[in-house]
Amino acid sequence: MHVIFDNLNALVIGGVVVMVILSMQMRVAEINIEETANYMVKRQGVDLATWMEDDLMSLGLNIDKSAEVPFINPVDSAGITVAFEFMQDSINTTVSPPDTIRITTRYDLVSTGTTEVDGENVNIYAVQRRQRLDGGPWMDAGRSPGILSHFRIDMLNRDAVPISNPAGVAATNPDSIQNTRVRFTLVTPFGTNRSTLSRIYYGSTLMISQ
């Protein structure tokens with residue numbers, strides 16, 4: 001009888017040990033998934049911020065702003081920017097006379113579906129980047145990851161206050177528009193029930209080329 005009880009105790013203890021090991025392995029797997037997701041979304045956020053900053057810092061470059069406005073008003077819907085178009089001129093000084101090429105860049109926000117974040121279904125998007133030279137055909141020139149839950153571009157005055165109808169204001173007083181402000185939010189592409197990071201927020205104010 002003692003042998004039977006000893007065997008049962010050993011089975012129970014063994015079962016508990018196996019369950020603890022399996023639980024630990026599952027948690028380690030969840031931690032690895034969370035770390036991978038966090039790294040991915042942070043890396044994608046940095047990449048997106050970098051090329052958008054490069055673009056927007058060149059807005060109006062080499063353009064006489066007293067003669068034309070180097071952007072079209074951002075198109076907003078439900079608090080997010082769904083389209084934005086802006087220009088710069090590239091000057092080729094290797095020829096005489098120097099040749100000026102108009103580069104127009106356009107951002108379009110495109111839906112990529114929905115995802116669950118903190119128990120809530122949210123719409124997610126990608127920024128489609130296109131360019132054209134001297135009024136030629138639009139060409140695809142990059143795309144953000146399709147995990148944006150928020151995207152907003154504002155035109156600001158010298159006090160960093162958003163301006164309504166900035167293109168109209170700039171046509172009258174070019175110096176009234178001093179900066180662009182870009183803000184976006186990325187959600188993690190995948191995660192676990194215990195994920196601590198579900199969104200990455202980015203914001204920057206960039207001076208317009210003078």
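Q: Is Trp 51 buried, exposed or partly exposed?
A: Trp 51 counts as partly exposed, with a relative accessibility of 23% (buried is under 20% relative accessible area, exposed over 50%, partly exposed in between; 1.4 Å probe, protein chains only). This is a predicted model, in which local features need pLDDT of at least 70 and side-chain atom pairs pLDDT 80 or more, whereas totals for chains, interfaces and linings use all residues. Residues are numbered from 1 along each chain as its sequence is written, and side-chain values use heavy atoms, without hydrogens and water.

Q: And which ring does Trp 51 pair with?
A: A search of the whole structure gives four aromatic pairs (ring centres within 6.5 Å, with the six-membered ring of Trp; planes under 30 degrees apart are stacked, over 60 edge-to-face, the rest tilted). Trp 51 and Tyr 107 have ring centres 5.9 Å apart and planes at 70°, so this pair is edge-to-face.

Q: Where do those two residues lie?
A: Trp 51 is in helix α1 and Tyr 107 in strand β3, so their pairing ties together parts 56 residues apart in sequence. Tyr 107 is buried, at 1% relative accessible area. Together with Phe 84 and Phe 86, Trp 51 and Tyr 107 form one aromatic cluster.

Q: Changing topic: what is the overall layout?
A: The protein has two helices and eight strands, in the order α-β-β-β-β-β-β-α-β-β (DSSP runs numbered from the N terminus: helices are H or I, at least four residues; strands E, at least two). Of its 210 residues, 37% count as buried.

Q: Which residues touch the most others in the largest nonpolar core?
A: Met 52, Phe 71, Phe 151 and Phe 184 do so, among 35 residues (buried Ala, Val, Leu, Ile, Met, Phe, Trp, Tyr and Cys joined through side-chain atoms within 4.5 Å). Elements supplying at least two core residues each include α1 (2–57), β3 (99–117) and β8 (199–207). Helix α1 gives the most, with five residues.

Q: What does Phe 71 contact?
A: Leaving aside neighbours within four places in sequence, its contacts (heavy atoms within 4.5 Å) include Leu 59, Phe 84, Phe 86, Met 155, Pro 166, Ala 170 and Ile 177.

Q: Where is Ile 177?
A: Ile 177 sits in the loop between α2 (166–172) and β7 (179–187) and is buried, with a relative accessible area of 4%. Beyond four places in sequence, Ile 177 touches Phe 71, Met 155, Leu 156, Ile 163, Pro 166, Ala 170 and Ile 208. The C-alpha atoms of Ile 177 and Met 155 are 6.6 Å apart, although 22 residues separate the two along the chain.
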